[in-house]
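Here is a short report on one protein chain. Keep the structure open while reading, and look up each residue as it comes.

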Amino acid sequence: MPFLIFFVFVVIIVIISSIRIVPQAHAYVIERLGTYTETWSVGMHFKMPLLDKVAKRVTLKEQVVDFAPQPVITKDNVTMRIDTVVFFQITDPKLFCYGVENPIMAIENLTATTLRNIIGDLELDQTLTSRETINTKMRATLDEATDPWGIKVNRVELKNIIPPAAIQDAMEKQMKAERERREQILIAEGEKKSAILRAEGQKESVILEAEAEKQSAILRAEAKKEATIREAEGQAEAILAIQKANADGIRVLNESSPSSQVIQLKSLEAFGKAADGKATKIIIPSEIQGLAGLAKSVVEIGKEQ
């Protein structure tokens, strides 16, 4: 009886130990008596006791491997160090298990040789500026080479490109010279724009001064013209007033019916005004001379009285 209990207990333990549960994103490679039998996917599985064994537990998640910097030589004989990052995923657990002895080491060596082949066709400047091209070429080459191993290379990235110290110093000097050149160009462009703005300002100032002088001359001419017009109008009014006064005087004389003696006296007065101390010689008609003598006699008679 105790033996039966022991036997049942052993059978239960064997059965329990033969049950395997494969977690998500994993796969188990099963061998029976040393020969590949099948690949277990996600879920619960039962293996034959003492005959089957789990040869390899494989993760199906995307994996990332960061390889150490590899020395490479460019087309123009510059030695530099480049480290790469490879993103890969296992697509066939059986090929991954039996295709190559050490898949990660194989990928590392394949990455190094592929990188040397690609960089060997590029010069230094192309290497520094063609990362995307290098990544694409390496991914295509590695993906094709790792297919027999059940591995798919999804992406390859150049993490660091480390040129020699002398090249780094030369690049820094070149970058410094380029920055100084750009600075000088910016300063020259600024001075050019400033000179242009000053010239345009001076031009506009001269134009405005000329316009102001033109307007001032126009205003002065208009003012002079108006003054001349007003002066002419004043002279015309004065002439009209004099003519009117003369006409009024003639009209008054005509209305008063003056005698010939009065007219002669007026003529004498007119000759006196004509002389006005400016003429040196005046010719007086004989009629007026007689009138002058008559006037003198009248004055003397007035004095005697």
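## Overview

Residues 24 or more positions apart account for 63% of the contacts in the protein chain with a separation of 6 or more. This is a predicted model. The protein chain holds 8 helices and 9 strands. It has 305 residues, and buried ones make up 20% of them.

Strands of a sheet pair through backbone hydrogen bonds, in either a parallel or an antiparallel way.

How many bridges join strand 2 to strand 3? There are 5, and strand 2 covers residues 26–32. Two of the facing pairs can be picked out by eye. E31 stands opposite Y36 in strand 3. I30 stands opposite E38, also in strand 3. Now turn to strand 5. Strand 2 pairs with strand 5 over 7 bridges, again in the antiparallel sense. Here H26 has T59 of strand 5 as its bridge partner. Is strand 2 mostly covered or mostly exposed? Strand 2 is mostly covered, with 5 of its 7 residues buried.

## A closer look at E38

E38 sits in strand 3. Its relative accessibility is 36%, so E38 counts as partly exposed. Which residues does E38 contact, leaving aside neighbours within four places in sequence? They are Y28, V29 and I30. Take Y28: it is 10 residues from E38 along the chain, and the two C-alpha atoms are separated by 8.4 Å.

Next, find L33. It lies in the loop between strand 2 and strand 3. These strands form a hairpin with 2 residues between them, and L33 takes a positive phi there. The value is about 55°, although L33 is not a glycine. L33 has a relative accessibility of 66%, so it counts as exposed.

N77 also has a positive phi, near 60°, and is a residue other than glycine. Its place is the loop between strand 7 (70–73) and strand 8. Is N77 buried or exposed? The cut-off for exposed is over 50%. N77 has a relative accessible area of 65%, so it is exposed.

## The nonpolar cores

The largest nonpolar core has 30 residues. Which of them have the most contacts inside it? They are I82, V86, I107, L115, I134, M138 and L158. The elements giving two or more residues to this core are strand 8 (79–90), helix 3 (103–119), helix 5 and strand 9 (151–162). Helix 3 gives the most, with 6 residues.

Pick out M138 in this core. Not counting residues up to four places away in sequence, M138 touches T84, T111, T114, L115, I118, V156 and L158.

## T133 in helix 5

Helix 5 spans residues 131–145, and T133 is found in it. T133 has a relative accessibility of 43%. That value makes it partly exposed, because this class lies between the cut-offs of 20% and 50%. I118 is 15 residues from T133 along the chain, and their C-alpha atoms are separated by 9.8 Å.

## One cavity

Rolling a probe the size of a water molecule over the atoms shows where empty space is left. How many cavities of 30 Å³ or more does the structure hold? It holds 1. The largest cavity has a volume of about 30 Å³.

Now look at the lining. It is made by F67, Q70, T84, E108, T111, A112 and L115. Helix 3 gives the most to this lining, with 4 residues.

Technical notes:
Residues numbered from 1 in each chain as written. Predicted model: local features only at pLDDT ≥ 70, side-chain atom pairs only at ≥ 80, totals over all residues. Heavy atoms only, no water. Pairing = 2+ DSSP bridges. Buried < 20%, exposed > 50% of the residue type's maximum accessible area, 1.4 Å probe, protein only. Core = buried A, V, L, I, M, F, W, Y, C linked by side-chain atoms within 4.5 Å. Contact = heavy atoms within 4.5 Å. 1 Å grid on protein atoms, 1.4 Å probe; cavity = no way out; pocket = protein on both sides within 12 Å on 5 of 7 lines; lining within 4 Å. Points joined across faces, edges and corners; volume = space filled by probe spheres on them.
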